[in-house]
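Look over the sequence and the model, then read on.

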Amino acid sequence: MLQFPFEPPEGTERPYFLMGDTRNPVYLWTWDSEGGVGAGRGRGLESVEPLEEDPVSGEATWEEGRWTLYLRRPIEVESEGLDFAEGLPTPIAFQAWDGSSAEVGKRSSVSTWYYVLLEPPASSTVVVTPLLAMLLTGAFGLVLVRRAQDRGRE
C-alpha cells in the first residue's frame, strides 16, 4: 500500500504514518492478490473508505517467489485524491503485509515518510543544443580540412 497526504501538506506537516487519522486523512493506493488495485481514504488503521471513481490502476506479477507491483495514475485527477505537482516534494509512505509470515490486519511492515519530487519534462534544448554543437564542429572541421588541402596544392 502507498499512502500520500490527502491534501497537499503545508510546510513539514504530514499525516500520521499509520494510515492517517481523523484530522489528517491519507490518500491510499492499495492492492491485494484477491481484490486487485484500489484507492481509498485512510483515517486510521480501522477506518479506510474506498474511493470508487479513482483512476489508479496497476498490475502485479508473481515470479520466483516475489511479487512485483506497478501502480499508475494521472498526475492530476478530477476525482477525490491528491494532485501531484511538478517541483513540489510530495510525502509518500509504504505499508506491506507478508502473508507467508502471517502478517494480516495491523501486523505489517511500515515505512516512515519519504518524498517524491516530480521534475518538469526536459526542454527541447537538451537535444537541440548538442546536435547544433556537433553540426557546427563538423562544419568547422570540414573547412579546416579543405583549407589544409588547398594549401598543400599550392
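Which residue in S6 does Gly 58 stand opposite? Gly 58 stands opposite Leu 71. This is a predicted model, in which local features need pLDDT of at least 70, side-chain atom pairs count only at pLDDT 80 or more, and totals for chains, interfaces and linings use all residues. Residues are numbered from 1 along each chain as its sequence is written, and side-chain values use heavy atoms, with hydrogens and water left out.

**Strands and hairpin**

- Strand S5 covers residues 57-63 and runs antiparallel to S6, with 7 bridges joining them. (Strands are DSSP runs of E with at least two residues, numbered from the N terminus; two strands pair if DSSP finds at least two bridges between them.)
- The hairpin of S5 and S6 has 2 residues between the strands.
- Glu 64 is found in the loop between S5 and S6. Its phi is positive, about 50 degrees, although Glu 64 is not a glycine.
- Glu 64 counts as exposed because its relative accessibility is 78%. (Exposed means over 50% relative accessible area, buried under 20%, and partly exposed in between, with a 1.4 Å probe and protein chains only.)
- Met 19 also is not a glycine, yet has a positive phi of about 65 degrees. Met 19 lies in the loop between S1 and S2. Met 19 counts as buried because its relative accessibility is 6%.

**Nonpolar cores**

- The largest nonpolar core has 11 residues, among them Phe 4, Trp 29, Val 56 and Ile 92. (Such a core is a set of buried Ala, Val, Leu, Ile, Met, Phe, Trp, Tyr and Cys residues joined through side-chain atoms within 4.5 Å.)
- Strand S1 (2-5) and strand S2 (26-32) are the elements that give two or more residues to this core.
- A second, separate core has 6 residues, including Met 1, Leu 28, Ala 93 and Trp 113.
- Val 56 is in contact with Trp 29, Val 37, Gly 38, Ala 39, Arg 72 and Arg 73, leaving aside neighbours within four places in sequence. (Contact means heavy atoms within 4.5 Å.)

**Pockets**

- The largest pocket holds about 910 Å³ of space. (On a 1 Å grid over the protein atoms alone, a pocket is an open set of points with protein on both sides within 12 Å along at least five of seven lines; lining residues have an atom within 4 Å of a point. Grid points are joined across faces, edges and corners, and a volume is the space filled by probe spheres set on the points.)
- Its lining has 34 residues, and Met 1, Trp 31, Gln 95, Ala 96 and Trp 97 lie nearest the centre.
- S2 gives the most to this lining, with 5 residues.
- By class, the lining of the largest pocket has 18 nonpolar, 9 polar and 7 charged residues. (Ala, Val, Leu, Ile, Met, Phe, Trp, Tyr, Cys and Pro count as nonpolar, Asp, Glu, Lys and Arg as charged, and the others, Gly among them, as polar.)
- The second largest pocket holds about 190 Å³. Its lining includes Pro 5, Phe 6, Glu 13 and Arg 23.

**Cavity**

- The count comes to 1 cavity of 30 Å³ or more. (A cavity is a set of points where a 1.4 Å probe fits but cannot get out.)
- The largest cavity has about 50 Å³ of space. Its lining includes Pro 8, Leu 82, Phe 84 and Thr 90.
- The residues of this lining divide into 7 nonpolar, 1 polar and 1 charged.

Key
Helices (H or I, at least four residues) and strands (E, at least two) are DSSP runs, numbered from the N terminus.
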